[in-house]
Amino acid sequence: SWINRFGVMDFHINAHHLSSKLNSAFDNGTLVPSDANANLIIERNEILGTAGGLGNLFHSAAEPDCTILIHNGDVIESFDLDSTYRKHIEHGAAVTMLLVNNHTKNSVVTENDAVVRFSKGMGLTYSGVAFMEPEVLKSFPDDKFASITDCLEQWIETRSVMGLEMNGFWCDFGTPELYLGLHKDILVRNLHPDIVIDGT
């Protein structure tokens, strides 16, 4: 997989919608690379939201003690995760949010690479990809709905959240229309640099 190229060997997957299909893919070995360690956590009773799901995952995965790469399942990108991870470590950030300019969803306001607030219609868009330290995920609830914007407020107040604008391909394909558009971009327009269609 794309993430596996950067040396990620431990995968923890949080699922709710279509969890039975993900479970089948997990069982037959197609969800993650065969040489990786993987853990699938399913939100069975209710959806927990962008932070509650991460809190549930963190508490269910033996509370890892190293930097965690968060990657939404409904986005595809060609970011340089290796150099971004190094910037995250060098900066000493608790969170590094990878940002893109999507004028329809911009809401992350930064000053000198520090996220200072969330404000709809301003700044940049959270791409759904981030690096987070364990103490951040430990602060997320694991048994109720919670949004990532609300749960990061305390970390923003201490200037612990970094926001980096990313170059390269990025697409949110979280709806059927966006999913179809993504395939058109890849198959017809050849927009993703690491997916080459040879026409055969």
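This is a predicted model: local features need pLDDT of at least 70, side-chain atom pairs count only at pLDDT 80 or more; totals for chains, interfaces and linings use all residues.
Reader: How many of the residues of E5 are buried?
Author: 6 of the 6 residues of E5 are buried, so the strand is largely enclosed by the rest of the structure. Buried means under 20% relative accessible area, exposed means over 50%, and partly exposed is in between (1.4 Å probe, protein chains only). Strands (E, at least two residues) and helices (H or I, at least four) are DSSP runs, numbered from the N terminus.

Reader: Which way do the residues of E5 point?
Author: Val95, Met97 and Leu99 point one way, and Thr96, Leu98 and Val100 point the other way.

Reader: And which strand pairs with E5 in the antiparallel sense?
Author: That is E8, over 5 bridges; strands pair if DSSP finds at least two bridges between them. E5 also pairs with strand E9 (residues 161–165), in the parallel sense over 5 bridges. Thr96 stands opposite Phe131 in E8 and opposite Met162 in E9.

Reader: New topic. How many residues are in the largest nonpolar core?
Author: It has 25 residues, and Met132, Phe140 and Leu152 have the most contacts inside it. A nonpolar core is a set of buried Ala, Val, Leu, Ile, Met, Phe, Trp, Tyr and Cys residues joined through side-chain atoms within 4.5 Å. Apart from it lies another core of 12 residues, among them Val75 and Leu98.

Reader: What about salt bridges, how many are there?
Author: The count comes to 3, where a salt bridge is a side-chain nitrogen of Lys or Arg within 4 Å of a carboxyl oxygen of Asp or Glu. One of them joins Asp172 and Lys105 (3.0 Å, N to O). Asp172 lies in strand E10 and Lys105 in the loop between E5 and strand E6, so the pair ties together parts that are 67 residues apart in sequence.

Reader: Is Asp172 buried or exposed?
Author: Asp172 counts as buried, because its relative accessibility is 17%. Lys105, at 41%, counts as partly exposed.

Reader: Last one: where is Glu77?
Author: Glu77 is in strand E4 (residues 75–77), and at 2% relative accessibility it counts as buried. Its side chain reaches the backbone nitrogen of Phe79 at 2.7 Å.

Conventions
Residues are numbered from 1 along each chain as its sequence is written. Side-chain values use heavy atoms; hydrogens and water are left out. A polar contact is a pair of N or O atoms within 3.5 Å; within protein, one must be able to donate a hydrogen and the other to accept it, and residues adjacent in sequence count only if both atoms are side-chain atoms.
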